[in-house]
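Hello,

Here is the structure I promised to pass on to you. Please have a look at it first, and then read my notes below.

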Amino acid sequence: MEQQNNSISVNTTMNSHKNGGRVWQESKKMWKIAGPAILMLVSQYSFEFVTCATVGHLGSLELAAVSIVQNVIKGFVYGLMLGMGSALETLCGQAVGAGQINMLGIYLQRSWIITGITAVLLTPIYIFTSPILKLLHQDKHISELAGKYALWVVPQLFAFALNFPIQKFLQSQSIVWVMTILSMVVLGIHALLNWVVLMKFSSHGLFGAAMVANFSWFLLILGQLIYIMCGFFPDAWTGFSMLAFKSLKGFTKLTLASALMLCLELWYFLIMILMVGWLKNPEVALDAVSICMNLDIWGLMVALGFNAAVSVRVSNELGAGRPNVAKFAISIASMTSTIIGTIMTVMILVLKEQYPKLFFEKPLVIAEASKLGYLLAASIFLNNIQSVLQGVAVGAGWQTLVALLNIGFYYLVGLPLGALLGYKFKLGVHGIWAGLLIGLLSQTVILLFIVWRTNWHKEASQSKKRMRVWGDSTDPQST
């Protein structure tokens, strides 16, 4: 009996060590992508932050014009292009897992064709920025100056069209550090050029700020293109090919579903800001919300790092026909992101009286932003869980499903509840944000249920079918 107990004890210890080893190995694979992805996203987001910080020295009118272009016009376009890129994340990730490395360059070129055409179609938004803003009842002087700035930054629209497919091409192969280092170097150059052009030669004004931003984005693109096309990827990049023009119909379908999935979520935040602006005496509320949104976006950069990591891990393992490993990767990513979300949430709650002072000195704004601290903390916590779940959806190719969930819970639940609580029950910005949280929580619960109930062996089979269809370069019937 004693010998049997000892044997059981030894087996238990061995299994424990084995499981601990699996957790450690999976965590290393996840952080290899998530860590540099977070730094890259923060660096690229900081391009706009640096521009705003230096433009603020030119005057309040210039700052207002740049801010509205960045938050409304470029925010709309950035989200659309980033969403379209997630289609490449699904296909390239599963192709890597399936060993179809030769298709990655073809997928990249197909994505460039679609995002390039989209950039052309979106150009009128930049051209007619001024009348669009006036139609939205924005200040006349701000609208006119914003219209000029928007025209000057049209090249960035095409930079986005190139950048996000490149990101997904490299991420799918777990190559993220190169993009991260390039982004950080270009951020340093961007900050230096802004200081020289706007602080030392301020006569260039907004035109100088626009030209610096354009140069920085295309410098980043050039560095990434050189890395891809100079022989570092002999199997994945074999040059330009006419195969890129095949299967565009099915590719476009998945791309649009991907864009819709992300944009429906990002546009909700834009609508929420507009709803706050429709409150009586909205000045203090808008300032307080802007503080919280800035912090929420920084937190979202961390969450999106885990989104990218779990997307790559799930797509790679499904493509390789290892559904159990994909399921295990989801568990590790969810656990890690939840722990980090909890830490960030606690920090917000502890510092809710202090963080508003980093942005404003007005006592009323500081007090209102502090009151919103509980809602901000809840948003950051849920974002960390939901972003992982959306990464799973991208890795498995469920973009259409998530887009439908976004419509249902954000626009049919969150918005009406926010309007009811904010206007009818006179809870103001607190009610509007509470409506968002209820929609976000509902969507997160449903996604958790879907992931939990998923037959991952079936998903692996679906991935093989998808790769067979796309790999043959025929027009897929479904994705």
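A word before the notes: two residues are in contact when they have heavy atoms within 4.5 Å of each other. Please also keep in mind that this is a predicted model.

Let me start with a pair of helices. Two packed helices are described by the angle between their axes and the distance between the axes. For helix H7 (residues 177-200) and helix H8 (residues 205-232), the axes come within 9 Å and cross at roughly 160°. Angles over 145 degrees count as roughly antiparallel, and H7 and H8 are therefore roughly antiparallel to each other. The crossing of H7 past H8 is right-handed. On the H7 side, the residues that meet H8 include Val178, Leu182, Val186, Ile189 and Leu193; among their counterparts in H8 are Gly205, Ala209, Val212, Phe215 and Leu219. The residues of this contact divide into 15 nonpolar, eight polar and no charged.

Next, two single residues. Glutamine 390 sits in helix H13 (residues 373-396). Its relative accessible area is 4%, so glutamine 390 is buried. Not counting residues up to four places away in sequence, glutamine 390 touches Met261, Glu265, Asn307, Val402, Asn406, Gln443 and Leu447.

Tryptophan 433 belongs to helix H15 (residues 428-453). With a relative accessibility of 0%, tryptophan 433 also counts as buried. Leaving aside neighbours within four places in sequence, its contacts are Met272, Cys292, Leu372, Leu375, Leu376 and Ser379. Glutamine 167 is 266 residues from tryptophan 433 along the chain, and their C-alpha atoms are separated by 32 Å.

Enjoy exploring!

Best wishes

Technical notes
Residues numbered from 1 in each chain as written. Predicted model: local features only at pLDDT ≥ 70, side-chain atom pairs only at ≥ 80, totals over all residues. Heavy atoms only, no water. Helix = DSSP H or I, 4+ residues; strand = E, 2+ residues; numbered from the N terminus. Buried < 20%, exposed > 50% of the residue type's maximum accessible area, 1.4 Å probe, protein only. Axes fitted to C-alpha atoms, helices over the stretch in contact; angles between N-to-C directions. Parallel < 35°, antiparallel > 145°, perpendicular 65-115°, else oblique. Left-handed = near helix turned anticlockwise from the far one by under 90°. Nonpolar A, V, L, I, M, F, W, Y, C, P; charged D, E, K, R; others polar.
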